[in-house]
Amino acid sequence: MSQLLLFRPAHTADWPAIAMLLQRYGLPLEGAQVHLKDFIVAVNEAGDLEGVAGLERYREVGLLRSVAVAEQRRGVGAALVERILERARSLGMQQVVLLTTTAVDYFPRFGFQRIERSEAPAAVHASAEFQGACPASATVMLLRL
Ligand SMILES: CC(C)(COP(=O)(O)OP(=O)(O)OC[C@H]1O[C@@H](n2cnc3c(N)ncnc32)[C@H](O)[C@@H]1OP(=O)(O)O)[C@@H](O)C(=O)NCCC(=O)NCCS
């Protein structure tokens, strides 16, 4: 990460740039905007969006979603995921779940393990991602904090 980046909670005004970044990778927009206050963004010195990671809160269970970076392989994704997991811990969450079709081999480095969809904590089944925004074939992964 040669460029200085600021990591901060997402603001309402960040939404258009976040939506564009998610769309670029075909990631779902459904349910993202209502959880925006629990998203973290990375912005460069010009204020441009360099990455995003989202958290949905279901009491002691979190759903990690919408992890995307403008330029890959600079450590921005890892920095975002680490920060959002730290936030989940500070909120008292005990488990974090994610669904992915594109990054099954990325998340084990943070401790996530594959589980069956049916093994996912009941609370996250209410999320838009579980309700259909993510394909049924998506891999479900779980991290115990
Ligand atoms: C997945 C993503 C967020 C990772 O962020 P990043 O900033 O590129 O990754 P980092 O710099 O933190 O880590 C780089 C490492 O992750 C690996 N990696 C990156 N994307 C990967 C992926 N989709 N699957 C598996 N490994 C991946 C790189 O090969 C590299 O490995 P190395 O450390 O062995 O060299 C980013 O590639 C991205 O935006 N992808 C498109 C959107 C997406 O698929 N998001 C996941 C949705 S759940």
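Visitor: Which elements supply at least two residues each of the shell around the ligand?

Guide: In this predicted model, strand S4 (61-69), helix H2 (76-90) and strand S5 (95-100) each supply at least two residues of that shell. Of the 18 residues around the ligand, those that come nearest are Gln72, Gly77, Ala78, Thr102 and Ala103.

Visitor: What makes a residue count as nonpolar, polar or charged in the shell around the ligand, and how many fall in each class?

Guide: The class follows from the residue type, with Ala among the nonpolar residues and Gly among the polar ones; by that division, the shell has ten nonpolar, five polar and three charged residues.

Visitor: Why are S1 and S2 called paired strands?

Guide: Pairing requires at least two bridges between two strands, and four bridges join S1 to strand S2 (residues 39-43), so the two strands, which run antiparallel, count as paired. Phe7 stands opposite Ala42 in S2.

Visitor: Why are strand S1 (6-9) and strand S6 (113-115) called edge strands?

Guide: The open sheet of seven strands has mixed pairing and the order S1-S2-S3-S4-S5-S7-S6, and S1 and S6 are its edge strands, as each pairs on one side only. Neighbouring strands of this sheet are turned by 30° against each other on average, direction ignored.

Note on methods: Residues are numbered from 1 along each chain as its sequence is written. This is a predicted model: local features need pLDDT of at least 70, side-chain atom pairs count only at pLDDT 80 or more; totals for chains, interfaces and linings use all residues. A residue is near a molecule or strand if its C-beta atom, placed from the backbone, lies within 6 Å of it. Axes are lines fitted to C-alpha atoms, for helices over the stretch in contact, and angles run from 0 to 180 degrees between N-to-C directions.
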